[in-house]
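Q: I am new to this structure. Can you show me how to read its side-chain pairings, step by step?

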Amino acid sequence: MTEPDWFAKRSANGMRRLGVIGRFEAGASLWPVGRVRGEWSLNNHGVAMARHEPRVRKAEEHYPAGDSRGTVLMLPGRAYPCGMSLLAWTTRALQATGWTVFQAEWDLSTFPPEPRAFIEGVAQQLDQMERQTGPVLIVAKSLGTLAAHWGAEQGYAAVWLTPILKSAGLYPLPGHCDALAERIREYPTDNLVVGGTADDLWQTGFRGTGKVLEIEGADHSLEVADWRTSIRQHQDVASAVVDFASGVG
């Protein structure tokens with residue numbers, strides 16, 4: 001199937017609305033990804049993307065901090081893009097302290113044939129983007145944490161948010177999960193690992209070479225039933241990431 005014809009309109013109040021000519025899959029939504037029949041979808045910015053085709057970009061800086069501190073390579077989750085709460089606030093917090101954030105996005109409604117190779121390829125794309133001199137920090141969530149093997153080879157400090165340490169539910173990756181848990185447990189460079197005890201993919205009591213922040217009752221999105229508590233938890237995680245990043249050099 002060829003790329004769908006699509007166009008963007010701007011309403012009177014300036015909100016951007018997307019239109020796609022063609023038939024949508026039943027139950028599809030434009031948030032976070034509007035899936036179109038065949039191998040094409042629209043991302044959050046209205047750009048048509050082939051399934052499994054990643055895109056990398058520099059995150060917009062609405063409140064520039066001034067002096068550059070370093071570069072963050074941000075790898076999201078399978079269905080948790082960088083625009084969602086945890087990663088969005090983490091991005092803002094890092095930018096406020098001088099970090100330039102490069103972000104990846106993708107449509108992984110189906111797993112790529114080789115998940116680890118796919119994630120490592122995207123990490124390499126982020127790493128090859130033009131940047132200023134300074135330290136490099138990986139911030140990855142969920143499926144994006146499969147970049148741990150690559151990150152160890154590069155010697156990059158890292159933040160692993162809700163890594164897939166166990167095979168369960170939407171992540172039937174027993175071999176990958178076991179190898180990832182071992183890699184993060186023995187990660188050779190400074191690292192911060194964050195997980196929740198209500199996350200089926202987390203190993204309660206996990207310990208490794210770096211700091212571990214375990215949040216009681218938090219799920220794979222690091223949220224709980226109470227929305228106020230969830231907001232505070234995301235704030236605490238963003239603060240923890242910034243504190244950790246301040247020591248990367």
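A: Start with a term. A polar contact is a pair of N or O atoms within 3.5 Å; within protein, one must be able to donate a hydrogen and the other to accept it. Keep in mind that this is a predicted model.

Q: Which side chains are joined by a polar contact of 3.1 Å?
A: Those of Q103 and T91.

Q: Where is Q103 placed, and is Q103 buried or exposed?
A: Q103 sits in strand β8, residues 99-105. Buried means under 20% relative accessible area. Q103 has 5%, so Q103 is buried. Among the residues Q103 touches are R55, M74, C82 and L126, leaving aside those up to four places away in sequence.

Q: How many salt bridges does a search of the whole structure find?
A: Side chains of opposite charge can pair when their charged atoms come close. Here the search finds three salt bridges.

Q: Which residue forms a salt bridge with E120?
A: R116 does, with the closest N and O atoms 2.8 Å apart. Both residues lie in helix α2, residues 115-127. They are four residues apart, about one turn of the helix. E120 counts as buried at 16% relative accessibility, while R116 is partly exposed at 30%.

Q: Which residue pairs with D127 in a salt bridge?
A: R131, with the closest N and O atoms 3.0 Å apart. D127 is buried at 17%. R131 is partly exposed at 31%.

Q: What about E61: which residue is its salt-bridge partner?
A: K58, with the closest N and O atoms 3.8 Å apart. E61 is partly exposed at 30%, and K58 is partly exposed at 46%.

Technical notes:
Residues are numbered from 1 along each chain as its sequence is written. This is a predicted model: local features need pLDDT of at least 70, side-chain atom pairs count only at pLDDT 80 or more; totals for chains, interfaces and linings use all residues. Side-chain values use heavy atoms; hydrogens and water are left out. Helices (H or I, at least four residues) and strands (E, at least two) are DSSP runs, numbered from the N terminus. Buried means under 20% relative accessible area, exposed over 50%, partly exposed in between (1.4 Å probe, protein chains only). Contact means heavy atoms within 4.5 Å. A salt bridge is a side-chain nitrogen of Lys or Arg within 4 Å of a carboxyl oxygen of Asp or Glu.
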